[in-house]
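The following exercises ask the student to read a protein structure step by step.

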Amino acid sequence: MNIGNLFKIAVKALSNNKFRGFLTMLGIIIGVAAVITMLAIGQGSKRSIQAQISEMGSNMIMIHPGGERRGGVRLSPEDMESLKLEDLQDIQTQTSFVTYVSPAVNSSGQAIYGARNTPTTVYGANRDYLEIRRYRVQDGDIFTEQDIRTAAKVCLVGKSVVDELFPEGQNPIGKVIRFGTIPMRIIGVLESKGYNSMGMDQDDLIIAPYTTVQKRMLAITHLQEIICSAVSEDYTEQAIEEISQILRDNHRLKDTDEDDFSIRSQQELSSMMTSTTDTMTVLLAVVAGISLLVGGIGIMNIMYVSVTERTREIGLRMSIGAKGRDILAQFLIESVLISVTGGLIGVVLGVGAALLVNLLASYPVFIQPWSVILSFAVCTVTGVFFGWYPAKKAAGLDPIEAIRYE
């Protein structure tokens, strides 16, 4: 008996029990749809986090005073003042793998304009800070080197600060706001960056010359942080090694001494976040894959019932010349038809569900072609695997006994 005839017989057998066939497919449909949707959500989250980290500066390196501490050990004032302006200058002049370097000092408080005020943070930095953190000036201009040398009371403001202090849409350029008791003239407004992957508002900030924050707000001479930008993300490790050696030399540390500074990179954060999302994606896929297993068991169960119901039919076919392999092929085709049809419906539902999640919940999703192909391949293999044993049982029936079966 050729494959075409066996296929027609299988289709006819399934069409005689449409509702039962659909219920059998349901497990496969739900399993495939769940796998595609979960993988799309997981991959969408991963790409969103990577994009946001990239927006923050994927090759950014952060240097903090004080070495590694564990168990909540309190740092001494000397440890917290280990970074000096000389360290910044040496990093600028002696490194090969660093492009931009900026000091960083900050102070939190109230920004005030007229009768309106908003809590925010002033970040003291130099002109490289905007390149490192990927900020762009939308209106106005950035402060100059002369402003830095004279500790000028000028600043750039983020969109969130503008919205709070100038709700009626006034142009903030040239306006004088107060931060605490220090008056500051707005010379530029930053382009909006929105929230980052940690839920922090990247537009809720004021950027001023670092000397202004050091001298006029904090009354300090040390740096709270130094941030750098590696030539590229691939050279981050080499840049960290260079910076570490420069700081150890500057601080006169012996080979046996621990660092009195700590260095972190966005690459570390990216790797950690990516690892976390990958783990969650695998977990979601495994949970969804259980539905495929349940669907396969459902196929096996129904195929057993089908073999039992059609025992006399099998006996008659074998008695007029059908061979065991024909019966085996017939039931395998039925099983694969159920799983493949269920898989196709599941793919459509999975893609649709992922798009709905993106549309209704505004959650990032990314449907990878391999996840669709893999889900479809798995459901096909499931049909063969779980349909084999019932089909083998049907092929092994004795024709005489099968005809006598009531």
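Two residues are in contact when heavy atoms of the two lie within 4.5 Å. The model is predicted: local features need pLDDT of at least 70, side-chain atom pairs count only at pLDDT 80 or more, and totals for chains, interfaces and linings use all residues. Residues are numbered from 1 along each chain as its sequence is written, and side-chain values use heavy atoms, with hydrogens and water left out.

**Exercise 1. Which residues have the most contacts inside the largest nonpolar core?**

Solution. Step 1: a nonpolar core is a set of buried Ala, Val, Leu, Ile, Met, Phe, Trp, Tyr and Cys residues joined through side-chain atoms within 4.5 Å. Here buried means under 20% relative accessible area, exposed means over 50%, and partly exposed lies in between (1.4 Å probe, protein chains only).

Step 1: the largest core has 39 residues, and Val-157, Ile-177 and Ile-206 have the most contacts inside it. Strand β7 (residues 182-190) gives the largest share of this core, six residues. Helices (H or I, at least four residues) and strands (E, at least two) are DSSP runs numbered from the N terminus.

Step 2: leaving out residues up to four places away in sequence, Val-157 touches Val-162, Ile-177, Ile-186, Gly-188, Val-189, Leu-190, Leu-205 and Ile-206. Another core, of 26 residues, lies apart from the largest one and includes Ile-28, Ile-29, Ala-322 and Ala-391.

Step 3: in soluble globular proteins, nonpolar side chains tend to be buried together.

**Exercise 2. Is Gly-387 buried or exposed, and which residues does Gly-387 touch?**

Solution. Step 1: locate Gly-387 in helix α13 (residues 369-395).

Step 1: Gly-387 counts as buried because its relative accessibility is 0%.

Step 2: not counting residues up to four places away in sequence, Gly-387 touches Leu-332, Ser-335 and Thr-382. The C-alpha atoms of Gly-387 and Met-303 are separated by 6.7 Å, although these residues are 84 residues apart along the chain.

**Exercise 3. Describe the surroundings of Ser-107.**

Solution. Step 1: Ser-107 is part of strand β2 (residues 98-113).

Step 1: Ser-107 is buried, because its relative accessible area is 14%.

Step 2: with neighbours within four places in sequence set aside, the contacts of Ser-107 are Thr-120, Thr-121, Val-122, Phe-179 and Leu-218.

**Exercise 4. How many disulfides does the whole structure hold?**

Solution. Step 1: a disulfide is a covalent bond between the sulfur atoms of two cysteines. The search criterion is a pair of cysteine sulfur atoms within 2.5 Å.

Step 1: the search finds zero disulfides.

Step 2: Cys-155 is buried, with a relative accessible area of 0%, and Cys-228 is buried with a relative accessible area of 0%.

**Exercise 5. Summarise the whole protein.**

Solution. Step 1: the secondary structure comprises 14 helices and ten strands.

Step 1: of the 406 residues, 46% are buried.

Step 2: among contacts with a separation of 6 or more, 78% join residues 24 or more positions apart.
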